[in-house]
Structures are given as C-alpha cells and as structure tokens.
Amino acid sequence: MSSASYLTDVAYPHHFQTQATSNWLAFVATALGRAVPDISRAYRSCELGCGQGYGAVINAAANPNGHFVAVDINPRHIAHGRALAAAAGVANIEFIEANFRDFAESCAHDTFDFVISHGVYSWVSPAVQGEMRQAVAQLLKPGGLAYLGYMSQPGLFFLGPLQQLLRRHVQGATGSLEQRVSAALNLLQGMASARVGFFAEHPQASIYLQSLASRHVHYVAHELFNEHWSSINSGELIEQMSELACDFIGSATALENIDEVSVPGNVLALLNQLPGVAERELFKDLARNQSDRCDLFQKRGVAALTTGQHRQALWQQCVTRLPGAPLAGPIEFDTRIGPVQGPAGLFGPLLKALADYPQTFASLAGLPALGGQTGAISPALQMLAWAGHVHPLLPGELDVERCQALNRVISERALKGETYQWLAAPTLGSAVAASPLQMLLARVLLDYPQLRGKLLKQTVLASARQLDIHATEVGLDAELEAFERQVLPVWQQLGVV
Ligand SMILES: C[S@@+](CC[C@H](N)C(=O)[O-])C[C@H]1O[C@@H](n2cnc3c(N)ncnc32)[C@H](O)[C@@H]1O
C-alpha cells in the first residue's frame with residue numbers, strides 16, 4: 001500500500017508531546033540505567049510524521065544544542081512548520097516533505113542521536129510500519145534512542161468494529177467533512193444510548209464515543225478515518241525492532257517502568273516469573289488494559305551503565321517543580337491501575353525541597369529527612385515527573401531569547417484563533433501548557449514583564465479589546481490572582497516569559 005493512503009486533505013491539529021523531548025528521553029533512559037546521548041553537546045534528532053511541526057519547532061527553540069529534522073508527507077503540514085520556524089527565527093530545524101522510505105533512502109546511516117515518532121505507527125499500513133522500523137534502525141547512531149508512541153492492544157479492542165461503520169458512513173454521506181463526521185458519530189451514539197448488543201457488552205465503547213464529541217473534527221478524522229488504523233501488538237513490535245538491533249529498554253511514560261506502581265500488586269508475582277521482554281510487556285498490557293504506549297528503543301552498540309556509572313549519572317540529574325505541584329506530601333497518584341499512594345516520608349521532603357529551587361539528585365540525597373532512602377529517590381522523581389509535578393532541567397546551553405520570540409508568535413496566533421496550547425520553556429528543553437487566558441497573559445507579559453495586579457488586569461482587558469477577543473471581567477480577578485501566585489513565578493523561573 002502506498003504511503004499516500006494516509007489522509008492528507010485535512011491538517012492534523014497541533015500537539016506537543018512532553019514525553020518525546022530529548023531531555024525527557026535522556027532523563028528516563030538514565031533512570032533505566034542506560035548510557036544516553038549527551039544533550040549538553042551538539043546532537044541530532046529526527047521526527048517521523050511531525051504533523052504541522054508545532055512540537056518540532058518548540059523542541060528546536062528550546063534545545064539549542066540539537067539539530068532537528070522533521071519529516072512529513074503532507075505539504076500543508078510542512079508549510080506550516082516552516083512558516084512557524086521562520087516567523088520566530090528558529091534556525092536549528094529542517095522540514096522535509098517526504099515519505100519515510102524516500103527520506104531514509106536520502107540519508108546516510110547512523111546520523112541521529114534521537115528518532116521520535118508519535119501518533120503515526122498505528123495509523124499507517126503494515127508496509128509503511130515496516131518502512132518506519134527500517135528508518136529508525138538505519139538512522140539511529142549506536143546507543144541512539146528511539147521513541148515510538150502508538151495505540152496498543154488490548155485497551156482499544158472495541159474500536160475496530162466501530163471504525164468499520166464510522167468509515168463507511170463518512171464515505172457514503174454528502175456534505176462537508178465536519179457534517180459527515182458528526183453524522184457518523186451521531187449514528188453510533190444513537191446505538192450507544194440505546195445500549196444495544198455490542199454497546200451493552202462493552203460500555204467502554206460508549207465512553208470512548210462520548211470523549212470524541214469534544215475533540216476537534218480534524219483530530220477525529222485522522223484518528224478514525226485513516227484506511228489503516230490498527231492497535232499494535234507490543235510484543236510483536238519489540239521482536240521486530242530487536243531483529244533490527246534496536247532493543248526495547250522501557251517506556252517514556254515514566255511510571256510504567258516501575259512495576260510496583262504500574263502493575264496490579266496481585267499479579268506481580270506472576271509477572272516476575274516471565275523471563276522474556278516481549279512476553280513481559282504483553283502481560284503488562286493485559287494487566288493494565290493498555291490502550292496506548294510510548295516505547296523506548298536503543299540501538300545496540302553501547303554498553304548499559306555499570307552500577308557506579310549509573311549512580312554518577314543519576315547524581316547529575318537536576319529537577320525543577322512545575323506550576324501546580326503540591327508543596328508537601330503525602331501524595332496520591334492517579335494511575336491506570338487506580339490510585340497509588342506516595343508516602344509522606346519520601347515525597348514530603350522531596351516536594352518541600354523543590355518548592356523554592358531546582359534540586360540536583362545529589363542535594364536531595366543529602367537531605368537528612370531522606371536518610372536511608374537514596375534508592376527510592378530516582379523512582380520517586382520519575383513518578384513526580386510522570387504526574388507533571390516536576391521536570392528535568394535542560395543541561396547545557398539555553399536560548400531564552402529564541403524561546404520568548406517563539407512564545408510571542410505562538411501566543412499572538414493562539415489569540416487569533418490558532419489552536420496552539422503550549423509555550424516553549426527554555427530551561428526544560430520542553431514546553432508548558434497554556435490556557436487561552438494564559439496565552440493572553442503571556443502575550444502581555446512578554447512585552448511588559450513587570451506588570452502585576454490591577455495594571456496587569458487593565459492591560460489584559462485592553463489587549464483583549466484590541467485583539468477583538470471576548471474577555472469577561474467575571475471571575476477574572478480570582479483567575480489573575482491564582483495565576484500571579486501559582487503560575488507566573490514558575491513560568492519566570494522556566495524562562496517562558
Ligand atoms: C496523526 S498525525 C501525528 C502528528 C504528530 N506526530 C503529532 O503527534 O501531533 C500523523 C502524521 O504522519 C504523517 N504521515 C503518515 N504517513 C506518512 C508517511 N508514509 N510518510 C511521512 N509522513 C507520513 C501524516 O501526514 C501526519 O502528519
């Protein structure tokens with residue numbers, strides 16, 4: 001099947017994947033005991049299927065040591081990415097309009113430290129999946145890391161039958177794409193409300209349909225109306241990658257690397273009897289009813305860290321808190337297998353130390369309150385990072401000015417209706433989420449960083465009028481007060497504004 005069978009007549013909405021940045025991947029793979037590419041020096045990263053390139057441009061601005069190559073088959077996507085990079089003067093990125101096979105054929109072997117691909121592998125034909133695996137294996141340097149984010153079995157087993165009818169209905173109907181998609185969803189929602197047959201047996205199908213109602217129609221179109229959508233068998237993928245000298249090393253979803261908190265306790269003993277990586281991952285998929293995975297692979301050729309090297313690498317990690325992080329323990333993690341308790345004796349001192357300043361692993365290990373718990377610090381930091389409470393700081397060079405130039409462009413376009421929801425965060429090598437009001441605040445604060453209180457409110461309202469945005473004063477004081485107290489100090493520390 002040709003690559004062109006992928007939907008190209010509607011643009012995919014803008015996303016940013018925090019778990020696919022080079023800094024995050026290095027942080028997680030280090031915790032897993034792997035020798036990772038050194039991102040404090042020059043490195044190269046490639047994204048297969050970059051969509052409109054919004055995430056790729058943020059990555060490039062926030063990671064000045066990286067050179068980024070973003071590949072997509074859709075000319076509209078590539079044009080958007082190029083225009084965004086040009087508007088913000090982001091120069092360490094190339095956009096390439098090509099299919100994966102042609103792109104890989106045009107590249108030398110072993111040229112990238114990172115190859116990432118999110119939301120592509122489950123949506124293309126088996127032939128293109130093979131091209132993607134070949135491209136990853138060919139492009140990665142020995143020791144390089146690959147990230148593959150995809151829909152997995154068995155959590156979405158119910159989607160196949162729904163998709164068959166949805167697709168046929170959209171193909172057969174007339175009207176705009178929006179009209180045809182919503183007619184097809186209404187058809188199935190009618191069946192779900194009537195709780196007939198399949199829907200009576202599989203309530204998850206109705207919940208899933210409801211969740212689609214609030215999504216952008218282009219997202220739904222890419223998600224469900226591509227010819228080749230399928231949920232992937234992780235064991236098979238792990239074996240196929242292994243044959244290409246790329247070993248599965250864990251998940252970029254940091255929590256999933258810690259069996260004690262991501263696999264139900266009453267089957268851990270069964271899991272621990274299984275020797276093979278592929279078999280263990282399939283077991284975990286069943287135990288968690290997994291529906292999506294963010295797999296990490298490493299190209300063979302570099303030895304895993306020794307115990308001493310691992311300790312040394314962890315010792316150098318430095319993390320900072322994110323907006324909204326709790327200031328004290330205990331803490332409850334809302335996981336796929338239910339609530340998991342983070343004990344006060346471990347998480348309390350960590351959160352307290354992080355409340356004011358970023359902390360290195362070494363300084364956390366030196367806290368008297370954590371005496372005797374050094375071995376628990378790395379898993380705890382991975383859990384806090386997974387929950388969005390902390391993030392690794394970017395080692396090496398930062399480009400605050402470039403990120404803020406990009407944030408000007410992003411916030412301005414978001415206010416004019418573009419569906420951007422993230423701002424570059426230079427100290428993280430990543431991005432932070434921003435609501436529409438926060439986009440407006442970012443736009444104002446990038447020009448007037450000192451504004452606070454009444455003056456900030458007046459300027460925000462004046463800017464909203466100028467930009468013809470509907471902004472209501474109702475509740476605004478409380479929202480601004482919360483923003484100034486909880487979010488702004490962290491944004492400033494991160495270099496967002
Ligand atoms: C669902 S979108 C995901 C975009 C982005 N990675 C994200 O997560 O927001 C899949 C992307 O893969 C691209 N794509 C699909 N098949 C391709 C192929 N054979 N070669 C290059 N790009 C392809 C599509 O054009 C689309 O932009």
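Tyr54 and Tyr420 are both buried, where buried stands for under 20% relative accessible area with a 1.4 Å probe and protein chains only. The model is predicted, so local features need pLDDT of at least 70, side-chain atom pairs count only at pLDDT 80 or more, and totals for chains, interfaces and linings use all residues. Residues are numbered from 1 along each chain as its sequence is written, and side-chain values use heavy atoms, with hydrogens and water left out.

Rings of Phe, Tyr and Trp (its six-membered ring) pair if their centres lie within 6.5 Å, and planes under 30 degrees apart count as stacked. The count by this rule is 14 aromatic pairs. In one of them, Tyr54 and Tyr420 are stacked, at 4.5 Å centre to centre with 5 degrees between the planes. This pair links distant parts of the chain, 366 residues apart: Tyr54 is in helix α2 (residues 54-62) and Tyr420 in the loop between α19 (400-415) and β13 (422-425). Helices (H or I, at least four residues) and strands (E, at least two) are DSSP runs, numbered from the N terminus. Ring pairs also join Tyr43, Phe68 and Phe114 into a cluster.

The rule asks for CZ of Arg, or NZ of Lys, within 6 Å of the ring centre and within 35 degrees of the ring normal.

| Charged residue | Ring | Distance to ring centre |
|---|---|---|
| Arg44 | Phe112 | 4.7 Å |
| Arg311 | Trp315 | 4.5 Å |

Methods:
Rings of Phe, Tyr and Trp (its six-membered ring) pair if their centres lie within 6.5 Å; planes under 30 degrees apart count as stacked, over 60 as edge-to-face and the rest as tilted. Buried means under 20% relative accessible area, exposed over 50%, partly exposed in between (1.4 Å probe, protein chains only).
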